[in-house]
Amino acid sequence: MKTVNLKAAVRSRPEKKISRKAKRILQSGSAPYIVYGSEIRVMLVTPSAGGGWILPKGNIAKRLDTLTSAAKEALEEAGVVGECENHVLGTVNISKTPDDVASARIYPLEIRRILPRWEEEGVRSRRLFQIDRAIRIMKTEESAEVLRNLKTLILSRRENSVHGN
């Protein structure tokens with residue numbers, strides 16, 4: 001696994017100008033998580049171009065539904081196995097060029113397995129972060145909000161199971 005300088009990785013990039021006529025490219029992605037006792041951890045990856053930590057996401061694969069495609073991206077980019085649940089945590093917008101903007105709907109994915117080797121390991125690094133730390137280091141407020149929504153979802157489920165709901 002590659003090592004990444006966290007201070008350099010956390011620096012936010014300047015916002016790119018987005019044209020009003022920008023074409024929207026629909027994508028899907030996931031917030032892969034695992035719960036250890038009372039601790040929630042999230043698997044983040046580095047962008048293929050490097051710098052920072054992001055959620056796995058990508059174009060919706062032909063012949064796959066949105067959820068299956070999001071799980072496929074998590075497998076390829078982060079080497080995690082799981083199924084995405086049909087609950088949109090939020091949308092992350094990524095300006096590709098001034099004329100193209102990708103809008104990725106992000107879904108929760110409970111990690112069932114972490115593979116020792118994965119398809120994009122030569123291109124990306126991956127790391128499990130405690131969820132509060134992951135929220136702090138996200139490159140965009142949209143991504144931080146997605147993780148806050150994930151934390152709220154998991155904690156509310158825990159609360160409901162404690163009270164027998």
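Select Gly-90 in strand β5 (residues 90-97). This is a predicted model, in which local features need pLDDT of at least 70 and side-chain atom pairs count only at pLDDT 80 or more, while totals for chains, interfaces and linings use all residues. Residues are numbered from 1 along each chain as its sequence is written, and side-chain values use heavy atoms, with hydrogens and water left out.

Is Gly-90 buried or exposed? Gly-90 is buried, with a relative accessible area of 18%. Buried means under 20% relative accessible area, exposed means over 50%, and partly exposed lies in between (1.4 Å probe, protein chains only). Now show what Gly-90 touches: Ala-104, Arg-105, Ile-106 and Val-146, leaving out residues up to four places away in sequence. Contact here means heavy atoms within 4.5 Å.

**Zoom out: the whole chain**

Switch to a cartoon view. The chain has 4 helices and 8 strands. These are DSSP runs, numbered from the N terminus: helices are H or I with at least four residues, strands are E with at least two. Trace them along the sequence and the pattern reads α-β-β-β-α-β-β-β-β-β-α-α.

The chain's accessible surface comes to about 9,500 Å², and carbon and sulfur atoms hold 50% of it. That area comes from the Shrake-Rupley method with a 1.4 Å probe; for residues, only the protein chains shown count as cover. Of the 165 residues, 42% are buried. Among contacts with a separation of 6 or more, 70% join residues 24 or more positions apart.

**Helix α4**

Select α4 (141-162). This helix has 22 residues and reaches 31 Å from its first C-alpha to its last, close to the 32 Å expected at 1.5 Å a residue. The expected span is 1.5 Å times one less than the number of residues. Colour its buried residues: Ser-143, Ala-144, Val-146, Leu-147, Leu-150, Leu-153 and Ile-154. Their cover includes β1, β2, β5, β6 and α3.

**The largest core**

Nonpolar side chains tend to be buried together in soluble globular proteins. A nonpolar core is a set of buried Ala, Val, Leu, Ile, Met, Phe, Trp, Tyr and Cys residues joined through side-chain atoms within 4.5 Å. The largest one has 23 residues, and Ala-31, Val-42, Leu-44, Leu-55, Ile-106, Leu-147 and Leu-150 touch the most other members. Which elements each supply at least two residues? They are β1 (23-36), β2, β6 (100-110), α3 (131-137) and α4. Helix α4 gives the most, with 6 residues.

Pick Leu-55. Beyond residues up to four places away in sequence, Leu-55 touches Ser-30, Ala-31, Val-42, Leu-44, Val-45, Glu-77, Ile-106, Val-146 and Leu-147.

**Helix α2**

Move to α2 (residues 66-78), which has 13 residues and spans 18 Å, close to the expected 18 Å. At its N-terminal end sits a cap, Asp-65: a side-chain oxygen lies 3.0 Å from the backbone nitrogen of Leu-67. The helix is followed by Gly-79, whose phi is positive, near 70°. Its buried residues include Ser-69, Glu-73 and Glu-77. The buried residues of α2 pack against β1, β2, β3, β4 (80-81), β6 and β8.

Now find Ser-28 in strand β1. Ser-28 is buried, with a relative accessible area of 0%. Its side chain reaches the backbone oxygen of Thr-66 at 3.2 Å. This is a polar contact: a pair of N or O atoms within 3.5 Å; within protein, one must be able to donate a hydrogen and the other to accept it, and residues adjacent in sequence count only if both atoms are side-chain atoms.

Select Arg-63, in the loop between β3 and α2. Arg-63 is exposed, with a relative accessible area of 81%. Its phi is positive, about 70°, although Arg-63 is not a glycine.

Finish with the rings. A search of the whole structure finds 1 aromatic pair. Trp-53 and Phe-129 have ring centres 5.1 Å apart and planes at 75°, so the pair is edge-to-face. Rings of Phe, Tyr and Trp (its six-membered ring) pair if their centres lie within 6.5 Å; planes under 30 degrees apart count as stacked, over 60 as edge-to-face and the rest as tilted. Both Trp-53 and Phe-129 are buried.
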